Structures are given as structure tokens and as C-alpha cells.
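Here is a short report on a structure for a reader who is new to it. Look at the picture first, then read on.

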Amino acid sequence: MLSIAVCDDEVIECCSLAKRIKEIMEEMKIPCIIRQFPSGGELLQALESFDIVFLDIIMQDLDGMKTAQIFRKKATDKILIFVSSSREYVFEAYDVEAFQYLLKPVGDRKLKSVLQKAVLKTGSCSQEFIIVSRERQKKKLFLDDIYYFEIKGRIVDVHGLEGIFTYYGQIGELEDKLQDKGFFRCHKSYLVNLKHVDGYNRQDVILENGERIVIAKRRYGQFVQEVLKVMWENGGIL
């Protein structure tokens, strides 16, 4: 069961947001416990280990940003979602690794979308994998551990956390298997895991491990759409 905290010194707004979250979670058929806090100090004193925290920023005494800084020292892996009437602190949210920054008033559709993403995030990394064959043996490759596939004719090099694994395969079949799994064919020879993209320009994809992959000119537009979508789904403030 998920544990969710809502912290806002405006009691009516705090109650309203908590009620809406409860209704959406029930609609999603996800059991949860929701606790409300009228101040950052009371949130920090709570003994529970919350999975998701909705935090207002402009509050009396201990404001939301200071609360978040202290909270992050105690809970480095929990999901923090700011809810504010001001855009002023959006860049500071990066420093405390905020999952989302929502502007009041938050629409129902937006709130539901963020909750869906946050719930998925609490499931940690994906355990999805593909099985490939090499020398009459089967190998299980977890998708989250793969940076990209490099294709050289019928030879496929899998570049991942454990180095490079090579097997025989076809790019078309691989692309079909990985459809809707967060991979994009940015070039005829490369199939990249968008979750591991750290940056890009019109010529290259820059990965988290520092490697660069070529982007074909005709694929650039679609690549940008897909990578921004994945960044947003994984907590990016865009």
C-alpha cells in the first residue's frame, strides 16, 4: 500500500488536494494511505516513510523549499512533487530532485497524469528483458541495463552497463520487439534507449556514459518528440 503526504498551510487547499488524490487513486484501484500536514515542520516530524509527497512552497515559518532540502537528506529516493502558485522556484526544484512542479490551480487531468507517472516510478526500475541467442546458448538482457544496440549487418552489439554483448540478429525484428519500450532507431545502425539519453544536438545523441551516437537528419524531429516524452514521463521538468 502506498503512503502519500500532502503538506500545505492553507488547510482548505490541503484537504481538497488530499481528497482529489484519494479519488484518483481509488479510480486507479491503487490502495493508499494519505496524511495531511499544515506545516513543513510537522511533515518532517512524522515517523512514516512516505512514498510520494505533495509539498506547497510558500508557507509560513518553514517554507516548502527548506522543508524539501531537509526531507531529501532523510529520504533520498522518495518522490517529491511541488505544488505552488508561483513559477519563481521552478529551477530550485532541480536541486532537491523534484519529480514534478505543479502550478495551482492543478487541473484534474494533470493531477491524474502526474499520479500515474509517480505510481509507476515507485515500482523502481523495470524488470523487462529480451532473450537473445549466441552459440546455442540463451542470454537474458534487461532493457534498463542497455544503452543502445549497434547493428553491423547481421551482427548486433549490445552496449550496456556490463560492457558489450554480441549476437546475430536483425534490426527489423529487434525494432518490432522493442516497440513502445522506450527505444528509438535514431540511425539505420543504432537503436537507442531513450532513458539513458543525457543530451542531444542535430548530429549526436549524448548518453549518460558519455558516448555519442549519430542521429540521421530525417529522424531528428521524431527523435526529439520521443526523447522529450520519455524525459517527461520519468520526472523531467520541461
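Helix α1 passes helix α4 in a right-handed crossing. A crossing is right-handed if the near helix is turned clockwise from the far one by less than a right angle, and left-handed if anticlockwise. Helices (H or I, at least four residues) and strands (E, at least two) are DSSP runs, numbered from the N terminus.

This is a predicted model: local features need pLDDT of at least 70, side-chain atom pairs count only at pLDDT 80 or more, and totals for chains, interfaces and linings use all residues. Residues are numbered from 1 along each chain as its sequence is written, and side-chain values use heavy atoms, with hydrogens and water left out.

**The helix pair**

Two packed helices are described by the angle between their axes and the distance between the axes. The axes of α1 and α4 come within 10 Å and cross at roughly 65 degrees. Axes are lines fitted to C-alpha atoms, for helices over the stretch in contact, and angles run from 0 to 180 degrees between N-to-C directions. On the α1 side, the meeting residues include Leu-17, Ile-21 and Met-25. Their counterparts in α4 include Leu-111 and Leu-115. Contact means heavy atoms within 4.5 Å.

**Helix α1**

Helix α1 covers residues 11-27.

Buried means under 20% relative accessible area, exposed over 50%, and partly exposed in between (1.4 Å probe, protein chains only). The buried residues of α1 are Cys-14, Leu-17, Ala-18, Ile-21, Ile-24 and Met-25. They cover an arc of only 130 degrees around the axis, which puts them on the same side of α1. That arc is taken from the directions from the helix axis to the C-beta atoms. The face turned away carries the exposed Ile-12, Lys-19, Glu-26 and Glu-27.

| Element | Residues |
|---|---|
| β1 | 2-7 |
| β2 | 32-37 |
| β3 | 52-56 |
| β4 | 79-84 |
| α4 | 108-122 |

After α1 comes Lys-29, whose phi is positive, near 60 degrees.

**The sheet**

Five strands form an open antiparallel sheet in the order β10-β9-β8-β12-β11. Its edge strands are β10 (163-168) and β11 (183-187). Two strands pair if DSSP finds at least two bridges between them.

Conventions: The expected span of a helix is 1.5 Å times one less than its number of residues.
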